[in-house]
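Morning, everyone. Let me put the model on the screen and then walk through it.

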Amino acid sequence: MHMPEPDAAVIARRAEIATALRRIVPGDGVIVSAPERRAYESDGLTAYRQPPLVVVLPETVAQVSAVLRYCKAEGIKVVPRGAGTSLSGGALPLADGILLGMGKFNRILEIDYANRCVTVQPGVTNLGVTHAVEAAGFYYAPDPSSQIACTIGGNIAENSGGVHCLKYGLTTNNVLGLEMVLIDGEVIRLGGKHLDADCYDLIGVVTGSEGLLGVVTEVTLRILKKPSTARALLVGFPSVEDAGNCVAAIIAAGIIPGGMEMMDRPAIHAAEAFVHAGYPLDAEALLIVELDGPEAEVDHLIARVEGLARDNRAASLRISRNDDERLSFWAGRKAAFPAVGRISPDYYCMDGTIPRGRLAEVLVRIGELSRQHGLRVANVFHAGDGNLHPLILYDANKPGEIERAEAFGADILKLCVAVGGVLTGEHGVGVEKRDLMPAMFDEADLAQQQRLKCAFDPDGLLNPGKVFPTLHRCAELGRLHVHHGQVPHPDLPRF
Amino acid sequence: MTRFVPATIDELREAIAAALAAEEPVEIVAGGSKCGLGRPLQTPHTLDLSRLSGVREYQPSELVLTAGAATPLAEIDRLLAENGQMLAFEPPDWGALLGAGGARPTLGGVITCNLAGPRRVKAGAARDHFLGFRGVSGRGEVFKAGGKVVKNVTGYDLCKLLAGSYGTLAALEEVTVKVLPRPETVSTVMLGGIAPDAAVRLMAAALGSPLEVSGAAYLPKGYGPNVSPRGVVLRVEGPAPSVAFRREALRDHFAAAVSSIFDDDESAALWCALGEAAPVSQPAGRAVWRVSVAPSRGAEVAEAVAGALDADWFLDWGGGLVWLAIAEHGDAGATQIRAAIKGADGRGTGHASLIRGSVGLRRAVPVFEPQPAALAALSRRVKDGFDPRHILNPGRMVEGV
């Protein structure tokens with residue numbers, strides 16, 4: 001994995017740059033010493049590490065604006081960072097780039113129940129939003145598994161999902177307004193408390209743009225009333241095919257569960273050994289289906305899903321009788337990653353999406369790849385929306401294993417694309433999947449995406465080296481290839 | 001004047017390349033139902049996408065449908081209904097509203113205009129269901145974005161950008177959308193004799209309840225079944241036992257105000273009419289505005305305009321959508337509406353779009369909400385990145401875009 005070649009001349013200016021930044025952000029908001037910078041050297045994708053040039057922790061929008069204006073004027077790269085929980089290396093620093101930490105933007109600015117929205121600063125955690133409104137019975141729907149730590153700013157950058165997104169959407173479906181600072185220091189406001197854009201939907205493109213378009217300084221989010229009831233089924237199947245058929249049957253019956261998760265045999269065993277949730281150890285696949293809504297609806301749908309599970313050869317089936325039991329069903333699934341961490345020194349979490357109908361075939365092929373690469377794998381699957389998280393088990397201390405794990409992961413993601421799916425369902429491209437982008441997009445597709453980048457950041461200073469495998473200059477991308485006055489195909493039918 | 005009628009992606013690319021080579025803009029059309037939307041265009045050529053039609057991939061259990069961009073909505077609705085599914089954003093037709101009755105709205109058309117009906121409050125707009133596309137930019141290049149699965153964050157979400165771009169960035173050839181189960185039953189609770197400010201509070205209470213209200217509108221006087229004074233309608237949808245429970249819960253909660261309840265077909269007809277803006281569509285000569293504001297401010301904005309001008313209005317989206325019909329004098333209310341959105345303290349957010357107006361009016365007043373300079377400049381740079389010579393629907397939204 002290659003990052004853009006660091007500019008030695010910029011690195012040599014570290015002290016001068018720190019002094020300039022201290023004039024913008026006084027106090028302890030500029031970090032230069034090597035040990036302190038090292039605290040920021042990686043994010044949730046710990047295989048990659050690089051201490052930043054300087055860390056700056058602004059506290060006001062004016063400071064963010066001044067920092068970006070300075071970077072633009074001096075041609076210095078900037079990497080924005082929230083809590084640093086990205087699993088794709090979205091916040092991996094650059095040796096010649098400033099790391100812009102937004103952690104001090106941690107205030108909830110307004111709670112507006114009449115308009116069912118909350119306005120927060122980007123450093124507020126995902127769970128912090130729900131905590132702020134839960135006393136009134138509301139919550140914020142997207143719930144990535146890192147929700148206790150990850151920030152709303154990071155959620156915007158990555159368009160984060162979670163286990164409830166089939167029914168309630170990803171981040172992008174729950175954002176009403178943004179304030180953001182462009183690389184030239186200009187502060188723009190998009191949306192507000194109203195729905196839909198007045199011109200181009202720039203909230204829609206900024207969400208999921210992985211820190212490449214601007215720095216978000218304020219966010220207005222839609223909140224929902226908590227469903228009055230939630231109950232879950234825990235169903236064991238003798239084969240992955242049966243579990244997959246059951247999922248298809250539930251959807252075909254017109255039921256959209258609040259959550260629908262599948263685990264394969266290795267994941268079931270790892271989770272059960274860790275949390276003793278009472279998972280059936282003889283099952284080849286385990287399905288958790290959660291129905292939420294008014295009690296009358298939940299009771300009705302639980303009975304229907306139970307019937308569909310039995311029709312699809314369910315070997316074991318439990319229905320939660322109370323909230324404690326429901327949470328115990330989830331305990332193993334929610335602990336799946338650390339559980340796998342217990343049975344292997346290291347694991348590498350993948351994140352492709354596939355058409356659900358191809359699941360059984362994809363798991364068989366992943367099994368073959370596992371043998372071929374000589375590494376074990378456990379699979380957890382957001383079955384409702386087709387988002388697959390294979391966990392590749394490896395030992396970083398064994399020479400060559402990390403490279404094999406990466407090669408295995410790349411093969412899995414290429415497989416996802418080959419069956420009609422995509423490289424990433426919720427973790428983002430970052431540095432991790434950057435070089436796989438050509439498996440899904442051709443040059444024209446990537447060039448067009450980069451032209452959008454040019455509209456926001458013509459010098460390519462914001463988070464370079466992420467998402468796009470090759471960096472083109474905007475002037476080159478903008479060049480048109482037209483033969484003037486020459487119609488390319490005069491025989492084209494015209495009416 | 002050439003009319004390009006491509007039948008394949010290659011022909012579409014060649015048509016746009018030809019227009020680009022000549023630097024002569026095209027107006028993009030398909031079913032013709034939205035030609036009266038946006039600023040009037042006078043282009044030397046027309047790019048007719050209507051042959052890029054037909055459903056290409058559809059597996060109901062994947063909740064995904066891929067079709068030619070110009071596939072008629074009616075064809076999609078029919079196919080989805082056969083499988084118990086729907087486009088959950090409730091795309092309106094607007095044929096009667098825009099005087100384009102008989103024209104056929106297409107899937108690509110409702111996406112590029114980012115339309116949505118009353119279910120917007122619960123299910124989102126076209127943007128929220130638009131998963132992927134293939135098209136041709138104003139550079140004459142074929143490109144694609146998104147995917148054919150419901151969950152995807154690979155690369156920039158260009159679908160969001162194209163939704164609501166009114167054909168100014170690219171001509172769509174193929175689109176993929178998310179589809180969802182059609183509710184088994186529908187019921188509507190009507191509350192009569194409610195004043196505007198009380199209506200907004202009442203709709204907020206309903207939408208902020210766990211009853212999953214999927215439509216909340218405030219009807220004009222005399223509109224709808226059994227309404228004489230202004231009244232609120234609340235919709236619940238889903239499995240029969242759930243709808244019955246939620247209908248009764250609404251009835252109990254708002255007991256004093258409940259004037260009637262109607263189910264299924266009668267209910268469906270009402271919400272369809274609201275999506276079509278039927279309460280303000282007659283008489284035909286009036287300008288019609290669609291105003292998006294914070295839901296709590298819907299009544300305030302409507303009354304501020306109606307206090308100054310002769311205006312018919314109603315609210316949808318729990319108050320967040322104000323439909324206004326105003327006589328075509330002067331700027332047909334543009335100044336008052338845009339001042340009302342900003343409010344007394346100047347801090348209100350929202351936007352007003354002129355949905356129906358004569359060619360002269362749509363040329364004279366900004367059809368879409370004017371943007372602050374920095375944002376307008378950014379929008380222009382985005383346009384230039386896709387269509388540097390401004391050959392695709394130039395000026396449809398804003399002059400220079």
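How many salt bridges does the rule find across the interface of chain A and chain B? Eight. A salt bridge here is a side-chain nitrogen of Lys or Arg within 4 Å of a carboxyl oxygen of Asp or Glu. Take B:Arg120 and A:Asp196: their side chains meet in a salt bridge, N to O at 2.7 Å.

Ground rules. This is a predicted model, where local features need pLDDT of at least 70 and side-chain atom pairs count only at pLDDT 80 or more, while totals for chains, interfaces and linings use all residues. Residues are numbered from 1 along each chain as its sequence is written, chains are lettered from A and ligands numbered from 1 in the order in which they are written, and side-chain values use heavy atoms, with hydrogens and water left out.

Back to the chain interface. Contact means heavy atoms within 4.5 Å. Chain A brings 103 residues to it and chain B brings 90. About 7800 Å² is buried between the two chains, 60% of it from carbon and sulfur atoms. Buried area is the accessible area, with a 1.4 Å probe, that two parts lose on being put together, summed over both. Of the area that chain A buries against chain B, A:Asp198, A:Tyr200 and A:Leu480 supply 10%, more than any other three residues.

Polar contacts next: 31 residue pairs across the interface of chain A and chain B, both residues at pLDDT 80 or more. The rule wants a pair of N or O atoms within 3.5 Å; within protein, one must be able to donate a hydrogen and the other to accept it, and residues adjacent in sequence count only if both atoms are side-chain atoms. Helix H17 of chain A, residues 443-456, gives the most to chain A's side, with nine residues. Helices (H or I, at least four residues) and strands (E, at least two) are DSSP runs, numbered from the N terminus.

Now inside chain B. Salt bridges between domain 2 and domain 3 of chain B: zero. Polar contacts there: five residue pairs, both at pLDDT 80 or more.
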